[in-house]
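Let's take a walk through this structure together, one place at a time. Have the sequence and the 3D view ready, and follow along.

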Amino acid sequence: MAQEERELQVRALDGRSTAVTLAAAASVRDLKAALRGSFPPAQISNSFHLFLKGAKLRLEAEIGSLAIVKGEFIVLVPFTRKSAQPSPVAMPAEEQSANPPISQEVATGANSAWQDIMNDLSSIPNSTNADDALKDLYSSSTPCSGSYAEDGSAGKSPSTGCSRKRRKLCKENGNGSSDTPGVDGASKQPSMNKKSGFVRSAASSCHDKHPLGPAEMVEHLKNGLGKEGQIVHIEEIPCRRASYSELPRDLSEVMRKALESIGISRLYSHQSEAIQSSISGKHVVVATSTSSGKSLCYNIPVLESLSQDLMSCALYIFPTKALAQDQLRTIVEMKKAFHTDINVSIYDGDTPREDRLWIRDNARLLITNPDMLHVSVLPCHSQFQRILSNLRYIVIDEAHSYKGVFGCHTALILRRLKRICSNSILWLSSYIHVLYSYLSKPT
């Protein structure tokens, strides 16, 4: 009976790869022997480790026990032995053979990989768990530099030998520091590497909550995170003179007082034009720069309509919950000036279930998102009959975010919303007609 075989993909740091076929019962030790006989990076450097998903493979592990799926590969990482330091543990027989000199190409690749790891560590913020994180990293998934046993003695894990050797090197140096590049021995924290210019504490300089103007922010970035030349271009966009317009004459006195309560006595020209078009029954798309007052372009006509017609409703659709919360605060400030109470409610996944029934029965301005519209409102449209059959405005905020697959799905949801609203209006009209006919019958 033939033994089951597995094909393993092995890749070196320089990008070269090979495929090795071994019996499932073979060990990682057999895999290393096969690589030394056929794979050039393993032939150039006899001292190397094999890593799978960030963890070093034990030599005794069977090939059949390795959890490798299609597309995954084993990484060959060489390391350099230092002849100046004696080995505290006996070397295995297979590692005591004469090692040929390491080529400059392999040594450079190994050092580069190690430096990348240390640069990633440098971005970890200072914390009480930083020492433990570094110890775990050294003992599990990083190649160790120095003279130590590759596999350890019987009953001891390779990581134990690695960490013990590092502690011994620190004591022999006499200053409490290790030989690991990029690590400060006194604080056990990643330090600034002068060659790469990576600043360890760059993120710590951005914790201040003091507000900065545009010019101050640019200067702050140039002196902090961008001090190594990351900022390649700075462009100053000159300001433009604002074009103002008076409040539309069609606005009620209550709406004018509501605008005055939030400090608005006049509008930008594009706001006035958009509001006038909305009040006259036209579809409006507002595409202007950030902080140009787009929200007022729909808040003013919507609140004006809801205050004059006690049956009309409106639906606001936002792509995120955070935008919905921001808009709710603005509307609450404006509607304080109205004599009639306009119930404004958010209906999303965070809405408590005990509040949803009240919202369906009483809300006149419903704020939601495409996902909630799809999974809750439209499938249960009979529960939202009052709102959908009296919709006066549908507002789609941040329309530029609806693109790609997300935009395609949202477009189909809006088509379904329009169809349901149309059927709801026809159903409500038919119901009122039948009720009226019934009540008109002579008693």
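T410 is buried, with a relative accessible area of 6%. Keep in mind as you look that this is a predicted model. You will find T410 in helix 14, which covers residues 404–440. Leaving aside residues up to four places away in sequence, T410 touches P370 and Y402.

How accessible is S376? Its relative accessible area is 12%, and under 20% counts as buried, so S376 is buried as well. Again not counting residues up to four places away in sequence, S376 touches Y347 and F384.

Now step back to see the whole chain. It holds 14 helices and 13 strands. Of its 443 residues, 37% count as buried. Take the contacts between residues at least 6 apart in sequence: 63% of them join residues at least 24 apart.

Five strands form an open sheet in the order 2-1-5-3-4, with mixed pairing. At its edges are strand 2 (17–23) and strand 4 (55–56), each of which pairs on one side only. Inside this sheet, strand 1 (residues 5–12) and strand 5 (residues 74–78) pair in the parallel sense over three bridges. To find this pairing in the model, look for R11, which stands opposite V75 in strand 5. Helix 1, residues 28–38, packs on the sheet and touches strand 1, strand 2, strand 3 (48–52) and strand 5. The direction of helix 1 makes about 120° with that of strand 3.

Another open sheet is built from four strands in the order 11-12-10-13, and here the pairing is parallel. The edge strands are strand 11 and strand 13 (391–396), and each pairs on one side only. Neighbouring strands of this sheet are turned by 15° against each other on average, direction ignored. Strand 10 and strand 13 run parallel and are joined by five bridges. A pair to look for here is Y316, which stands opposite V395 in strand 13. Helix 10 packs on the sheet, touching strand 10, strand 11 and strand 12, and its direction makes about 170° with that of strand 11.

Helix 10 deserves a visit of its own. Running over residues 321–335, helix 10 has 15 residues and reaches 21 Å from its first C-alpha to its last, close to the 21 Å expected at 1.5 Å a residue. Which residues of helix 10 are buried? They are A324, Q327, L328, I331, M334 and K335. These residues cover an arc of only 130° around the axis, which puts them on the same side of helix 10. On the face turned away from the buried side of helix 10, you will see the exposed residues A322 and R329. What covers the buried residues of helix 10 includes helix 7 (253–261), helix 9 (294–308), strand 10 (313–317), strand 11 (344–346) and strand 12 (365–368).

Follow that list to helix 7. Here M255, A258 and L259 are buried. They cover an arc of only 100° around the axis, which puts them on the same side of helix 7. The face turned away from the buried side of helix 7 carries the exposed residues E253, K257 and E260. Among what covers the buried residues of helix 7 are helix 9 and helix 10. Just after helix 7, G263 takes a positive phi of about 85°.

One last stop concerns the cysteines. A disulfide is a covalent bond between the sulfur atoms of two cysteines. How many disulfides does a search of the whole structure find? The search finds zero.

Definitions and conventions: Residues numbered from 1 in each chain as written. Predicted model: local features only at pLDDT ≥ 70, side-chain atom pairs only at ≥ 80, totals over all residues. Heavy atoms only, no water. Helix = DSSP H or I, 4+ residues; strand = E, 2+ residues; numbered from the N terminus. Expected span 1.5 Å × (residues − 1). Buried < 20%, exposed > 50% of the residue type's maximum accessible area, 1.4 Å probe, protein only. Arc of directions from axis to C-beta. Contact = heavy atoms within 4.5 Å. Pairing = 2+ DSSP bridges. Axes fitted to C-alpha atoms, helices over the stretch in contact; angles between N-to-C directions. Disulfide = S-S within 2.5 Å.
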